[in-house]
Amino acid sequence: MAGTMRPFLKWPGGKYRVLQRIAPRLPAGRRLLEPFVGSAAVFLNTQYAAAWLTDANPDLINLYRAVQSDGDAFVACARTLFTPEHNRPDRYYAHRARFNQVSDPWERALLFLYLNRHGYNGLCRYNAAGLFNVPFGRYLRPYFPEAELAGFIAAAPRAQLAAQDFRATMGAAVAGDVVYCDPPYVPLSATANFTDYTRGGFSPQDQRDLADLARTLAARGIPVLVSNHDTPDARSLYAGAHLDRFPVRRSISCAGQRREAAQELLALFLPANFAAEAPPRTGAELVGLTTG
Ligand SMILES: C[S@@+](CC[C@H](N)C(=O)[O-])C[C@H]1O[C@@H](n2cnc3c(N)ncnc32)[C@H](O)[C@@H]1O
């Protein structure tokens with residue numbers, strides 16, 4: 001995609017491919033809050049003066065901190081793990097075991113990037129004991145995302161980072177903030193399930209808390225945009241918001257490589273005074289994206 005910045009991580013549910021749908025819906029503001037930052041695709045492709053990027057996955061935030069604080073050294077060290085000798089099952093499982101026992105933040109950050117690019121499908125999954133358990137990915141030549149790391153390093157000075165639950169981030173929003181929420185999806189069906197990014201999963205009560213917080217923030221003058229599957233449950237969760245839908249193609253990995261068209265929902269909780277004001281500059285205008 002011309003003019004856009006690709007995230008350096010593979011991330012299930014990442015929004016890079018649907019930025020053109022999302023960015024135009026984001027109102028202007030001083031600071032972007034992303035309580036479910038994942039691969040940071042939205043942050044990287046909007047130009048708010050400041051951003052508060054948070055996620056419940058501490059390994060993800062630890063990696064971003066390492067890249068933010070010493071990007072050049074990080075790139076130089078990480079590159080040494082992207083060679084054919086490290087792309088073998090025995091090496092992968094040794095690095096994975098090391099990741100699961102080491103506490104040094106720098107080493108964990110390096111290994112987390114390695115695991116993301118060498119593990120199966122870029123999945124991020126932990127067992128009940130909190131150990132990363134994604135199998136070897138068997139890629140011919142895993143890509144070292146040097147240009148993408150450089151993009152993150154360039155954008156990072158305007159970001160503040162925290163590993164925390166979305167309720168803490170949304171609860172601390174202030175006037176001038178714009179919130180983009182991309183939670184784990186509601187299930188498409190009663191039997192569908194999705195990758196665990198964190199140990200606890202994301203419950204129906206979490207989905208309700210998020211919708212309630214979005215309403216509360218809008219009532220306090222802070223706009224909130226939420227992404228989810230377009231299902232009857234999601235529509236009833238977001239009742240009262242401005243809704244948009246668009247088709248996406250996604251792979252349902254547990255059943256092999258089946259790809260299905262699904263509908264994505266965007267729910268915009270707008271403060272009452274926003275509608276009355278002159279239309280604000282949108283996130284898309286800020287970065288020059290066109291609507292697709
Ligand atoms: C769909 S992904 C976000 C993808 C992101 N928008 C992107 O473009 O890559 C959902 C994210 O929510 C995070 N998450 C799960 N439960 C959470 C919680 N209770 N609070 C905050 N983040 C959570 C996961 O770690 C994951 O990164």
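Where is the place of Arg 138? Arg 138 sits in the loop between H6 and H7.

## Model and conventions

This is a predicted model, in which local features need pLDDT of at least 70 and side-chain atom pairs count only at pLDDT 80 or more, while totals for chains, interfaces and linings use all residues. Residues are numbered from 1 along each chain as its sequence is written.

The average pLDDT of the protein is 90, and 86% of the residues score at least 70; pLDDT is the predictor's confidence in each residue, from 0 to 100. Over residues 252-257 the pLDDT is below 50, and this stretch has four contacts in the model beyond near neighbours in sequence. Two residues are in contact if their C-beta atoms, placed from the backbone, lie within 7 Å. Residues 276-280 also have pLDDT under 50, with two contacts beyond four places in sequence.

## Overall composition

The protein has 12 helices and seven strands. Helices (H or I, at least four residues) and strands (E, at least two) are DSSP runs, numbered from the N terminus. Of its 292 residues, 36% count as buried. A residue is buried if 20 or more other C-beta atoms lie within 10 Å of its own, exposed if 12 or fewer, and partly exposed in between, with C-beta atoms placed from the backbone. Among contacts between residues at least 6 apart in sequence, 69% join residues at least 24 apart.

## Strand E2 and its partners

Strand E2 (residues 50-55) is largely enclosed by the rest of the structure, because five of its six residues are buried. Strand E1 (residues 31-34) runs parallel to E2 and is joined to it by four bridges; two strands pair if DSSP finds at least two bridges between them. In this pairing, Leu 32 stands opposite Ala 51 in E2.

E2 is also joined to strand E3 (residues 159-163), by five bridges and in parallel. Here Trp 52 faces Gln 160 in E3.

## Packing of H3 against H6

Helix H3 (residues 58-69) and helix H6 (residues 105-118) have axes that come within 9 Å and cross at roughly 105°. H3 is therefore roughly perpendicular to H6. Axes are lines fitted to C-alpha atoms, for helices over the stretch in contact, and angles run from 0 to 180 degrees between N-to-C directions. Angles under 35 degrees count as roughly parallel, over 145 as roughly antiparallel, 65 to 115 as roughly perpendicular and the rest as oblique.

H3 contributes Asp 59, Asn 62, Leu 63 and Ala 66 to the contact, and H6 contributes Pro 105, Trp 106, Arg 108, Ala 109, Phe 112 and Leu 113.

## Individual residues

Phe 166 lies in helix H8 (residues 166-171) and is buried, with 22 other C-beta atoms within 10 Å. Not counting residues up to four places away in sequence, Phe 166 touches Pro 35, Phe 36, Cys 181 and Leu 210.

Asn 100 belongs to the loop between helix H5 (89-99) and H6. Asn 100 is partly exposed, with 16 other C-beta atoms within 10 Å. Asn 121 lies in the loop between H6 and helix H7 (146-155) and has a positive phi of about 60° although it is not a glycine. Arg 138, in the loop between H6 and H7, likewise has a positive phi, near 55°. Arg 138 is exposed, with 12 other C-beta atoms within 10 Å.
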